[in-house]
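Me: I'd like to go through this one label by label and ask where each label comes from. Can you set the values against the cut-offs for me?

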Amino acid sequence: MNGNTYEDIPQTTRKGKVKNMTEGLLEGIRVLDFTGFLAGPYCGMFLADMGADVIKVENLLTKGEFCRYARPLEEKTGRSMYFGNLNRNKRGFAVNLKSEDGKKVFAELVKSADVLLENMRPGVIKKLGFGYEECKALNPRIIFASISGFGQYGPYSSRPGYDLIAQAMGGSMSITGWPGSEPTRAGMAIGDMMAGMNCCMGILASLIKRQKTGVGQKIDVALVDSIVSGLEAKCMQYLYTGKVPEKTGNKYISSAPYDSFKAKDAYFVLASGTDKHFEHLSAAMGMPELAQNPLYENTELRKKNADSLKKIIEDWASDKTSREVVDIILGAGVPAGPIYDIADVCNDKNIVEARDMLVKVPDKKAGEFTVLGNPIKMDTYPCTYRKSAPDLGEDDVDIMKELGYSDEQIAAMQADGAVK
């Protein structure tokens with residue numbers, strides 16, 4: 001769309017100048033990922049992709065995390081690829097924390113770890129005997145990171161919180177959708193993912209600080225807080241004008257034309273953010289006079305008259321395909337793009353091949369799985385995709401041997417149901 005084909009992109013640009021394929025950026029960092037569903041595993045996935053030894057801790061009594069059984073399932077193995085995508089590069093450890101031996105093993109794991117990541121409802125992990133204070137007593141260097149719906153304190157802290165609740169109470173649903181329509185959630189779990197990324201940032205910053213202090217700290221990330229932090233201009237609008245933002249569809253509140261538009265065959269988006277953009281757009285449409293029209297000559301006027309301007313643009317685009325329109329607009333130096341469905345995304349060479357956003361991970365049963373690539377591209381220590389998500393308790397024996405347990409001790413604990 002920008003005049004370059006995938007084949008034109010130099011190989012060094014496509015894959016980065018990889019200087020080190022074996023040593024991970026976080027090599028030597030051990031993370032206990034005692035999480036489920038999306039926010040926590042998403043955070044752990046980032047750390048694992050960057051080379052940390054992330055151990056997926058699961059409850060042996062419940063046969064592991066609920067999402068192990070979530071669809072879609074991979075045909076050959078019957079494995080959940082929802083689980084598989086979020087838990088690649090991790091090792092698996094299944095333990096019964098209701099048994100004394102299970103508690104002892106987990107305590108040894110805590111002593112060996114740099115980070116404990118959990119996303120249970122506040123108070124649950126403490127009831128299991130491994131709250132922050134208990135883990136800090138075992139390991140003063142531990143970075144104890146918690147993700148929850150409403151945070152570890154506050155009047156709502158005991159409430160269960162999922163992404164839908166976060167989008168609702170964080171305000172985003174009230175501004176998503178078309179004027180007059182019912183409140184609408186985003187099509188992806190933005191609350192979960194924003195919380196996971198925020199927690200990852202907190203962990204990485206804490207690891208840097210710990211190099212100087214030698215001690216860890218507690219991290220508290222809430223899904224609702226994460227949504228609120230992303231309200232940016234919408235919240236500022238209310239705080240400084242008193243006006244409650246409303247749903248505006250795809251229209252942007254601070255510029256125009258900045259919206260979705262209909263061409264002959266499909267919709268496209270156009271993001272004309274400046275007066276200069278609009279001059280170029282008008283010329284590309286064969287209507288240079290639009291830029292001097294008293295209704296559209298500056299941003300404030302274009303915002304005020306956005307509906308009539310949209311009709312002009314759609315009339316111009318009505319005999320062209322969305323691809324043709326986008327090429328014309330991009331050729332004029334104005335941001336624009338087609339509206340992709342998921343199939344389009346998964347077949348776009350820039351996204352999939354040049355940017356490595358679909359990658360293969362090796363699997364001992366299926367050979368390999370396709371998962372989403374990590375969006376963080378780094379030169380010297382790139383994210384890597386070393387193994388598929390673990391089976392339940394897949395690495396119990398290896399991890400216990402690393403902790404110093406003998407074969408006989410491991411066998412005895414397996415017989416008692418303390419570990420897998």
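This is a predicted model: local features need pLDDT of at least 70, side-chain atom pairs count only at pLDDT 80 or more; totals for chains, interfaces and linings use all residues.

Me: What makes the bond joining R71 and P72 stand out?

Reply: That peptide bond is cis, with omega at about 10°. A cis peptide bond also joins A256 and P257, where omega is about 0°. P257 belongs to the loop between α10 (232-241) and β7.

Me: Which residues line the largest cavity?

Reply: A256 and P257 are both in the lining, along with K251, Y258, D259, F261, A306, L309 and K310. β7 (258-262) and α13 are the elements that give two or more residues to that lining. By class, the lining residues split into six nonpolar, three charged and no polar.

Me: How many cavities of 30 Å³ or more turn up, and how do you know?

Reply: Rolling a probe the size of a water molecule over the atoms shows where empty space is left. A search of the whole structure gives one cavity of 30 Å³ or more. The largest cavity holds about 50 Å³ of space.

Me: Are C135 and C199 buried or exposed?

Reply: Buried means under 20% relative accessible area. C135 has 0% relative accessibility, so C135 counts as buried. C199 is at 0% relative accessibility too, and therefore counts as buried.

Me: Why is helix α2 called largely enclosed?

Reply: Because 11 of the 11 residues of α2 (residues 39-49) are buried, the helix is largely enclosed by the rest of the structure. C43 is one of those buried residues, and others include G40, P41, Y42, F46 and D49. Just after α2 comes G51, with a positive phi of about 105°.

Me: Which residues of α11 are buried, and why are they said to be on the same side?

Reply: In α11 (residues 275-284), the buried residues are H277, F278, L281 and S282. They cover an arc of only 130° around the axis, so they end up on the same side of α11. Among what covers them are β8 (267-271), α12 (299-304), α13 (306-317) and α14 (322-331). After α11 comes G286, whose phi is positive, near 80°.

Me: What makes N89 worth a look?

Reply: N89 is not a glycine, yet its phi is positive, at about 70°. You'll find N89 in the loop between α3 and β3 (91-95). Its relative accessible area is 5%, and the cut-off for buried is under 20%, so N89 is buried.

Me: Why is E232 called partly exposed?

Reply: Partly exposed is the range between the buried cut-off, under 20%, and the exposed one, over 50%. E232 has a relative accessible area of 46%, so E232 is partly exposed. Its place is in helix α10, and its phi is positive, about 25°, although E232 is not a glycine.

Me: What does the protein as a whole come to in helices and strands, and what share of residues is buried?

Reply: There are 18 helices and 11 strands. Of the 420 residues, 45% are buried. Along its principal axes the C-alpha trace spans about 85 × 50 × 45 Å. Of the contacts between residues at least 6 apart in sequence, 68% join residues at least 24 apart.

Notes: Residues are numbered from 1 along each chain as its sequence is written. Side-chain values use heavy atoms; hydrogens and water are left out. Buried means under 20% relative accessible area, exposed over 50%, partly exposed in between (1.4 Å probe, protein chains only). Helices (H or I, at least four residues) and strands (E, at least two) are DSSP runs, numbered from the N terminus. The arc is that of the directions from the helix axis to the C-beta atoms. Contact means heavy atoms within 4.5 Å. On a 1 Å grid over the protein atoms alone, a cavity is a set of points where a 1.4 Å probe fits but cannot get out, and a pocket is an open set with protein on both sides within 12 Å along at least five of seven lines; lining residues have an atom within 4 Å of a point. Grid points are joined across faces, edges and corners, and a volume is the space filled by probe spheres set on the points. Ala, Val, Leu, Ile, Met, Phe, Trp, Tyr, Cys and Pro count as nonpolar, Asp, Glu, Lys and Arg as charged, and the others, Gly among them, as polar.
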